[in-house]
Amino acid sequence: MSGYQDDEEGVGYGKPPKHARFRPGQSGNPKGRPKTKSKSFATGILAELEQSVVVRENGRELKLTKRAVIVKMLVAKAMKGDVRALKEIKELLPQQFQHDSDAKPSEAVSAEEAELLERFVERRLFGRSNPNAPTPGADETTKESDHEQ
């Protein structure tokens, strides 16, 4: 019993009984410290955008992601004439707003088509219906000469 008495003497705060003490080479925390997942700011935003919310649209309740709600709001503002919203959409989707002049022509324009286009542009710009009509400056001199006769 003397062995049991020795165990009892060393027991107290910070001194557990010998049978409950860690063995040499044994850790008190075998799994170790839990690793925290470091999230970047962008990862946090993306995770937030993927969360679902309930939205009421036209009297119906829809479950949409926050990303979808933002897109709907942005398009709605652009449709109402908000120039900033339209600019944002154009920056996000530049390929959807390319001008025809930016695109490469798939076929060469024939001489006949070029002449037709030229006549059309002249009519639109100068208001002429006859491609052989004189220029606007010459029109005034012709009118004056008609009045003199």
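I began with Glu115, which is partly exposed at a relative accessible area of 47% (buried is under 20%, exposed over 50%, partly exposed in between; 1.4 Å probe, protein chains only). The model is predicted, so I kept the cut-offs in mind: local features need pLDDT of at least 70, side-chain atom pairs count only at pLDDT 80 or more, and totals for chains, interfaces and linings use all residues. Residues are numbered from 1 along each chain as its sequence is written, and side-chain values use heavy atoms, leaving out hydrogens and water.

I then looked up the partner of Glu115. Its side chain meets that of Arg119 in a salt bridge, 3.6 Å from N to O (a Lys or Arg side-chain nitrogen within 4 Å of an Asp or Glu carboxyl oxygen). Both lie in helix H5, 4 residues apart, about one turn of the helix (helices are DSSP runs of H or I, at least four residues; strands are E, at least two; numbering starts at the N terminus). Arg119 is partly exposed at 33%.

Next I checked the salt bridge count: 5. Glu48 pairs with Lys66, with the closest N and O atoms 2.4 Å apart. Glu48 sits in helix H2 and Lys66 in helix H3 (residues 66–79), so this pair ties together parts 18 residues apart in sequence. I noted relative accessible areas of 38% for Glu48 and 25% for Lys66.

I also found Glu50 bridged to Arg67, the closest N and O atoms being 2.5 Å apart. Glu50 is in the loop between H2 and strand S1 (52–57), Arg67 in helix H3, 17 residues apart.

Last, I looked just after H5: Gly127 takes a positive phi of about 70 degrees.
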